[in-house]
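Subject: A structure for you to look at

Hi,

Here is the structure I promised to pass on.

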Amino acid sequence: PQDKIVSVQGTSGTTGKLTLAFYTQKDVDVWGECVARGLTMAGLTAEDRLHICYGYGLFTGGMGLDFGAKTVGVAISDPLLITAQGIEIIRRKEENKLRKTYARIEAIIEENDVEKIVVGLPKNMNNTVGERAIACEEFAKNLERRTGLEVIMWDERLTTVSAEKALMESGVRRENRKAVIDQIAAVFILQGYLDCQANAGR
């Protein structure tokens with residue numbers, strides 16, 4: 001919820017003491033977007049913006065993708081790289097016809113100021129790479145070439161299982177789960193990456 005209180009903590013540059021302030025999620029989102037857009041307007045390169053945003057705990061946006069045979073689940077992060085939200089599922093009629101899929105992803109990137117993409121890598125449980133994972137790697141390479149953005153492969157083993165469990169616990173009926181499962185899987189992929197990055201920075 002946009003009015004839910006979230007905490008932001010940091011150390012004062014003058015006193016060195018830990019400070020703790022409380023804002024609503026809406027406040028945090030607006031603040032992050034304003035800083036990110038200001039850096040863009042100042043003429044800084046994407047790389048410089050990325051370094052500054054990371055330095056202040058900000059980010060213009062991350063995207064998580066769950067690449068399937070005929071669908072791509074899409075999730076994006078908030079500007080502070082705290083949470084992932086599912087936004088849509090891109091569908092196609094044939095597995096290898098991806099022109100419209102790439103075009104839609106590029107539009108979402110533009111709409112949400114995305115500067116990093118995380119693509120799920122469905123390894124086998126014995127850590128080997130099968131046909132589906134190879135297809136995901138090829139998709140990621142093409143996406144990186146088309147967008148010029150960094151694309152990270154993220155181990156998504158059991159992601160679909162976790163997404164299915166989350167939907168069951170939320171009371172979503174079995175016949176309705178298929179319509180959103182890929183989107184929820186994308187959320188788990190991106191959130192896993194965000195949480196890992198946050199823990200690494202502690």
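Helices (H or I, at least four residues) and strands (E, at least two) are themselves DSSP runs, numbered from the N terminus. Before the findings, some ground rules: this is a predicted model, local features need pLDDT of at least 70, side-chain atom pairs count only at pLDDT 80 or more, and totals for chains, interfaces and linings use all residues. Residues are numbered from 1 along each chain as its sequence is written, and side-chain values use heavy atoms, with hydrogens and water left out.

**Strand β3 and its neighbours**

Let's start with β3, residues 62-67. On one side, 5 bridges connect β3 to strand β4 (residues 71-77), and the two run antiparallel. One of the pairings to look for is D66 with its bridge partner G73 in β4. A hairpin of 3 residues leads from β3 to β4. β3 also pairs with β6, this time in the parallel sense, over 4 bridges. Here you can find L65 with V119 as its bridge partner in β6.

How much of β3 is buried? Buried means under 20% relative accessible area, exposed means over 50%, and partly exposed is in between (1.4 Å probe, protein chains only). By that rule 6 of the 6 residues of β3 are buried, so the strand is largely enclosed by the rest of the structure. G62, G64 and D66 point one way, while M63, L65 and F67 point the other way, and all are buried.

**Aromatic rings**

A pair of aromatic rings is described by the distance of the centres and the angle of the planes. The rule used here is that rings of Phe, Tyr and Trp (its six-membered ring) pair if their centres lie within 6.5 Å; planes under 30 degrees apart count as stacked, over 60 as edge-to-face and the rest as tilted. The structure has 3 aromatic pairs. In one of them, the rings of F67 and F139 have centres 4.2 Å apart and planes at 10 degrees, so this pair is stacked. F67 sits in strand β3 and F139 in helix α4, so the pair ties together parts that are 72 residues apart in sequence. Both are hidden away: F67 is buried at 6% relative accessibility, and F139 is buried at 2%.

Another pair is W154 with Y193, which is edge-to-face, at 5.6 Å centre to centre and 85 degrees between the planes. Since W154 lies in strand β7 and Y193 in helix α7 (residues 181-200), this pair ties together parts 39 residues apart in sequence. W154 is partly exposed at 23% relative accessibility, whereas Y193 is buried at 6%. Finally for the rings, F67, Y102 and F139 form one aromatic cluster.

**Salt bridges**

Now for the charges. Side chains of opposite charge can pair when their charged atoms come close. We call it a salt bridge when a side-chain nitrogen of Lys or Arg is within 4 Å of a carboxyl oxygen of Asp or Glu. How many salt bridges are there? The count comes to 6.

- K116 and E150 form one, at 3.6 Å from N to O. K116 is in strand β6 (residues 116-121) and E150 in strand β7 (residues 150-155), so the pair ties together parts 34 residues apart in sequence. K116 is buried at 8% relative accessibility, while E150 is partly exposed at 39%.
- R146 and E106 meet at 2.9 Å, N to O. R146 is in helix α4 (residues 131-147) and E106 in helix α3 (residues 99-111), 40 residues apart.
- K97 pairs with E94, with the closest N and O atoms 3.9 Å apart. K97 is exposed at 57% relative accessible area, and E94 is partly exposed at 44%.
- E88, R104 and E111 are linked in a network of salt bridges.

**Cysteines**

One last thing to check. A disulfide is a covalent bond between the sulfur atoms of two cysteines. With the cut-off set at a pair of cysteine sulfur atoms within 2.5 Å, a search of the whole structure finds 0 disulfides. As for the cysteines, C136 is buried at 0% relative accessible area, and C196 is partly exposed at 35%.

Cheers

Key. Two strands pair if DSSP finds at least two bridges between them.
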